[in-house]
Amino acid sequence: YLQGHPNMNETPGVDMSTGSLGTGMSAAVGMALARKLDGSGRYVYALLGDGEIEEGQVWEAAMAAAHYGLDHLIAFVDHNGLQIDGRTKDVMNVDPVDAKFAAFGWDVQVIDGHSFQAIAEAIAKAKAAGTGRPQMIVMDTVKGKGVSFMEGEAGWHGKAPNADQVVEALKELGEDA
């Protein structure tokens, strides 16, 4: 049930179908603002790709989140250095991601995005921060990690593997097809 752009009608826990790059961050800021106004204390989470943060809309949303002190907004950037058109540093350099979000008024952590423990610890730290600032978790990752023909390859950004490739990928990952 995980699609390229998750559908809120088909994916549990996804409250917003976005599609176009950057709109998810803007929607998350709106939801976090509503949560602040209603006093519910519930958290809003947003997941972005490092290619996606090339969009100006993301930075407008980031600025608004800091301005309004949306400390119940926890966002993640999948920082793998690749996007659909190639390496982010060649298309539109987004680095240093951590320093840019910090400059926009966010608390920022940089973690190993392949470690579930690191992710859980970063979320706990973000929730405990108490700084009145939105929280950004930059997850350093490798696209296609663990699959020889996918690892570090931008071409797999918007492409699904065929049946034979699925079998091979699962084998390399130590799973049964």
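Biologist: What makes the passing of H1 and H2 a left-handed crossing?
Modeller: A crossing is left-handed if the near helix is turned anticlockwise from the far one by less than a right angle, and right-handed if clockwise. H1 passes H2 in the left-handed way. Mind you, this is a predicted model, where local features need pLDDT of at least 70, side-chain atom pairs count only at pLDDT 80 or more, and totals for chains, interfaces and linings use all residues. Residues are numbered from 1 along each chain as its sequence is written, and side-chain values use heavy atoms, with hydrogens and water left out.

Biologist: Which residues of H1 and H2 make the contact?
Modeller: With heavy atoms within 4.5 Å as the test, H1 brings Thr23, Met25, Ser26 and Val29, and H2 brings Gln57, Val58, Ala61, Ala64 and Ala65.

Biologist: Why is H1 called roughly parallel to H2?
Modeller: Their axes, which are lines fitted to C-alpha atoms over the stretch in contact, with angles from 0 to 180 degrees between N-to-C directions, come within 8 Å and cross at roughly 20°. Angles under 35 degrees count as roughly parallel, over 145 as roughly antiparallel, 65 to 115 as roughly perpendicular and the rest as oblique, so H1 is roughly parallel to H2.

Biologist: What makes S1 and S5 edge strands?
Modeller: The open sheet runs S1-S2-S6-S5, with parallel pairing. S1 (44-49) and S5 (107-112) each pair on one side only.

Biologist: How do you know that S2 pairs with S6?
Modeller: Pairing takes at least two bridges found by DSSP, and 6 join S2 (residues 73-79) to S6 (residues 135-140), so they pair. For instance, Ala75 has Met136 in S6 as its bridge partner.

Terms used
Helices (H or I, at least four residues) and strands (E, at least two) are DSSP runs, numbered from the N terminus.
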